[in-house]
Amino acid sequence: MFKVLLRALDKLQLTEKKKVAVFDDIGPLDLGFIEISLYKGSEDEIPLWLAQYLEKQNLVKINSITTEELGKLLFQEKQNSTTPASLVKTYPDIYFRIKKLEEELKAKGLNGLEELKKVKSMVNEISLIRLRKIIQLASLNINDQTLISKMTKEEYLAYLSMRKIITSFYGDVIGNPTN
């Protein structure tokens, strides 16, 4: 079920707006419900499906994340790695941005290989720390909107799934509902 929900999130993401750097004048484009024009040298937000199409034509570049930003996030997450309530606020689409960065580094071939290894290592560490915090929040049955707002959609989905499993365990197996 979790994989189905993740795939649904991926499909929904296609309609979300992403920031792009515009390399050439484009438009006006009729999107059916709105007409947009993009101008060379600007940064605009457009739906991901359109951004991906225009990026393939080298007309725009979808913003990703830098290795330095990942390093900063890792440092911040490590500061309180054992405190569940210390999730660091990050891009809501950070996992998309990370995939984008990895694609960019793979496209560099051997020149990007070393940086790609570094990125993968940092991403693994960041995701392990964040997942540990989310599991702790779910097991403590904490439903604080401030903390939830610091989660990505994927992390929130994992949090809800774990809370449901833990609640079910306590209710169905032990006979002690936690709600």
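Visitor: By class, how many nonpolar, polar and charged residues does the lining of the largest pocket have?
Guide: Happy to start there, and keep in mind that this is a predicted model. The largest pocket is lined by 24 residues. By class, that lining has twelve nonpolar, three polar and nine charged residues.

Visitor: Which residues lie nearest the centre of the largest pocket?
Guide: The pocket has a volume of about 730 Å³. Among its 24 lining residues, the ones that lie nearest the centre are Asp10, Tyr95, Phe96, Lys99 and Glu154.

Visitor: Which helix gives the largest share of the lining of the largest pocket?
Guide: Several helices take part: H1 (2–13), H2 (48–56), H4 (94–107), H5 (113–139) and H7 (153–174) each supply at least two lining residues. The largest share is six residues, and the helix they come from is H4.

Visitor: What about the second largest pocket: which residues are the closest to its centre?
Guide: Good one to look at next; the second largest pocket has a volume of about 240 Å³. It is lined by 14 residues, and the closest to its centre are Gln13, Glu16, Lys18, Pro92 and Asp93.

Visitor: How many charged residues does the lining of the second largest pocket have?
Guide: H1, strand S1 (17–22) and H7 each supply at least two residues of this lining. By class, two of the lining residues are nonpolar and two are polar. The number of charged residues is ten.

Visitor: Is Lys100 buried or exposed?
Guide: You will find Lys100 in helix H4. Its relative accessibility is 10%, and the cut-off for buried is under 20%. Lys100 therefore counts as buried.

Visitor: Which residue has its backbone oxygen 3.0 Å from a polar atom of the Ser161 side chain?
Guide: Look along helix H7, where Ser161 lies. A polar atom of the Ser161 side chain is 3.0 Å from the backbone oxygen of Leu157.

Visitor: How far apart in space are Ser161 and Leu31, C-alpha to C-alpha?
Guide: In sequence, Ser161 and Leu31 are 130 residues apart. In space, their C-alpha to C-alpha distance is 36 Å.

Methods. Residues are numbered from 1 along each chain as its sequence is written. This is a predicted model: local features need pLDDT of at least 70, side-chain atom pairs count only at pLDDT 80 or more; totals for chains, interfaces and linings use all residues. Side-chain values use heavy atoms; hydrogens and water are left out. On a 1 Å grid over the protein atoms alone, a cavity is a set of points where a 1.4 Å probe fits but cannot get out, and a pocket is an open set with protein on both sides within 12 Å along at least five of seven lines; lining residues have an atom within 4 Å of a point. Grid points are joined across faces, edges and corners, and a volume is the space filled by probe spheres set on the points. Helices (H or I, at least four residues) and strands (E, at least two) are DSSP runs, numbered from the N terminus. Ala, Val, Leu, Ile, Met, Phe, Trp, Tyr, Cys and Pro count as nonpolar, Asp, Glu, Lys and Arg as charged, and the others, Gly among them, as polar. A polar contact is a pair of N or O atoms within 3.5 Å; within protein, one must be able to donate a hydrogen and the other to accept it, and residues adjacent in sequence count only if both atoms are side-chain atoms. Buried means under 20% relative accessible area, exposed over 50%, partly exposed in between (1.4 Å probe, protein chains only).
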